[in-house]
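Student: Could you take me through one part of this model in close detail? I would like to know what surrounds a single side chain.

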Amino acid sequence: MVGRASWAVGLALALLLSSCNLPGTPLPSASASPPNTSRVAHLQLIEAEDAQTLDLALIDDPTSLAIGSELFQGLTQLDAGFRPVPALAQSWEISDSGRAYTFHLRTAKYQSGATVQAQDAVSAWTRALAADTASPLTAFFAPLGARYPGDSISGVQVVDARTLVVRLPQADSSLLTRLALPPYWLADPALHGAPTSGSGPYHLDKWDRGHGLHLSAFSEYWGPRPQVRKVDIDIEPDSAKRLDRYTSGAADIAHGFSGPQLLVFARDPQRLAQLHKVANTRTTYLAFNTVAGSGYGPPERMAIAQAIDRARLTDLALFGSMLAAPATDLIPPGVAGHLNRPLVAFDPVAARTGLDQAGFPGQIGLYFSTNSTVGRVARDLQDQIGSATGRTVNLHPTGDFFNRVSLDQLPLFIDTWSADFPYPSDVLDNLIASNAQFNNLRLSDPRIDAALGQAKAAPTWDEAIKGYQGAEEIALTDHRLIPLYSGVEPYLVKPGIKVPFSGGTIAFRWEDVR
C-alpha cells in the first residue's frame with residue numbers, strides 16, 4: 001500500500017504539470033495545417049528506434065509511420081481534430097447512401113518527378129494486397145471488401161487521370177480517415193514503394209540504418225512551402241543518453257522516456273514548459289464480463305465505479321500522471337469523438353453503502369495481465385476499492401490473461417486497447433459490438449449494435465461521430481466498463497520552438513513546427 005503522504009506529493013507535482021499539452025478534441029479546422037511563419041529552418045530530432053521500413057505497404061511501427069507520413073500522402077489527411085480534409089484529392093462527393101466516393105485529384109508530383117494520377121491508387125492498393133508483398137496492413141482494406149493477403153479489390157474505378165471512384169460493398173464512415181494512413185498512401189508505381197516515390201513535403205536524402213536519417217524539403221511539393229527546410233533524425237536506443245543529448249542542446253525534440261526520468265526532469269520548474277504530454281490512441285478500463293461476472297449487477301458496478309479516484313490512480317501508478325491522464329471517456333483524446341464526459345465521481349461513502357445495500361459479499365477478485373504497469377495499477381485499485389468499500393480485493397496476475405479473458409473466465413479485469421487509426425469505430429466496434437473478436441465483456445446489446453450500425457452508415461463525419469458517441473453512452477451508463485486512464489506520450493521540446501501537437505497516431509507534423 002502506498003502511503004497518502006507520497007500520494008499528496010505526487011499529486012502536487014501532477015497538478016503543477018497540468019499546464020502541459022494534452023490534446024483533446026479540437027474544433028474542426030478548414031485545413032490540415034495552420035499557416036506557418038516558422039523561423040526554424042533546421043529541425044533536429046532524436047528517436048529511440050530506427051524506422052523498421054519506409055515501404056508504404058509495410059509500415060507498422062510508430063517511427064516508420066511518423067517519418068513515412070512526411071514522405072507519402074493519401075487522398076486525404078487529418079486535421080488537428082482528426083477530421084479528414086483534402087490531400088492528394090482536392091475534393092470528393094459521396095453518393096449511393098454512402099457506398100460511392102468520387103475523388104478529384106489535384107495536380108501534384110512525386111519526388112521522382114512523375115505526376116500523381118488516379119491509377120496510382122489502384123496500383124498502390126493492389127500491391128499492398130498482393131500475397132508476395134506480405135503486408136501486415138491488409139485488414140485496413142476491409143471497407144473495400146478485402147482483408148487478407150491475396151484478396152482483390154473490384155470496386156475501384158479510374159474515370160480519368162484525375163478522377164477516381166471507390167464503391168464500397170456497404171457504407172463505412174471510417175473510409176476517409178483510413179485514406180489518410182498507410183496502406184492507402186500513393187506512390188510512383190514505377191518505384192515499387194521506395195522512400196523516394198512519395199509526394200509528401202520531405203525527401204529522404206540519406207538513411208544510415210541504425211544511426212540516423214537526413215531529409216530535406218521537397219521543392220515541388222504541391223502544398224505550402226515547408227519553412228523547416230532540413231530535418232535530421234538521430235537514433236539513440238539508450239534513454240539516458242538520449243536525454244543527455246536533448247539537455248545538451250543536440251536535439252530540438254525528444255521522447256520515449258521513462259516515468260522516473262520525467263519526474264526527475266520536471267523537478268526543475270524552469271523545465272516544465274519543455275514538457276508536453278501528447279494524447280495517443282490508448283485507453284485502459286475496468287471491465288465486467290457478463291458471463292463470469294454475472295454476480296456484478298448494476299448496483300455493484302456503480303459502487304465499484306464510485307470507489308475509484310482516477311486522479312490518484314494515474315498519479316501513483318503512472319509516475320505523477322506522466323504516462324497517462326485520468327479518463328473522461330472510453331474513447332481516448334487521441335481518437336476522434338472523445339468527450340469530456342461527467343463519469344461517475346469518486347464517492348467512497350456511496351460505494352460502501354451501495355455494496356452493503358446490495359448484500360455484496362466480502363471479497364472481490366481483480367484479474368490482470370503480468371505487465372508491470374498494469375500491476376502497479378492493480379495494486380492501487382486494490383487499495384482504493386478495498387478502503388472505500390470495506391471489501392477484500394484479491395489480485396490475480398494472470399500469465400495467460402488474453403486467452404482466459406477471451407474464454408469468459410475472468411469476472412472483473414483490467415484491459416487496454418490501442419486504436420490503429422484515430423476513428424471511434426476502431427475502439428467501439430472492437431470492444432462493445434456484439435460478437436466482436438475483442439469484446440471481452442461478452443456484451444450483447446441491440447441498442448449499442450443499432451447505434452454502431454447507424455454511425456458506420458452515417459452520410460457525414462459529424463453524424464457518424466455523434467452516432468458513435470451515442471453507442472458509447474449506452475455502455476457507460478450501464479457501467480459494464482469503467483474508463484480508468486488514457487495514454488499519453490511525453491515529448492520534450494527545446495525552449496523557443498513551438499510544436500502544434502495533435503496527438504493520435506502521428507503526434508505532430510514537421511512542417512508545422514515554428
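Tutor: Happy to; let's look at Ser64 and its surroundings. Bear in mind that this is a predicted model, in which local features need pLDDT of at least 70, side-chain atom pairs count only at pLDDT 80 or more, and totals for chains, interfaces and linings use all residues. Residues are numbered from 1 along each chain as its sequence is written, and side-chain values use heavy atoms, with hydrogens and water left out.

Ser64 belongs to helix α2, which covers residues 62-71; helices here are DSSP runs of H or I with at least four residues, numbered from the N terminus. With a relative accessible area of 0%, Ser64 is buried (under 20% relative accessible area, 1.4 Å probe, protein chains only).

Leaving aside residues up to four places away in sequence, Ser64 touches Ala51, Gln52, Thr53, Leu54 and Ile59; contact means heavy atoms within 4.5 Å. A polar contact of 2.5 Å links the side chains of Ser64 and Asp61. That term means a pair of N or O atoms within 3.5 Å; within protein, one must be able to donate a hydrogen and the other to accept it, and residues adjacent in sequence count only if both atoms are side-chain atoms.

As for Pro84, 20 residues separate Ser64 from Pro84 in sequence, and their C-alpha atoms are 21 Å apart in space.

Note on methods. Helix = DSSP H or I, 4+ residues; strand = E, 2+ residues; numbered from the N terminus. Buried < 20%, exposed > 50% of the residue type's maximum accessible area, 1.4 Å probe, protein only.
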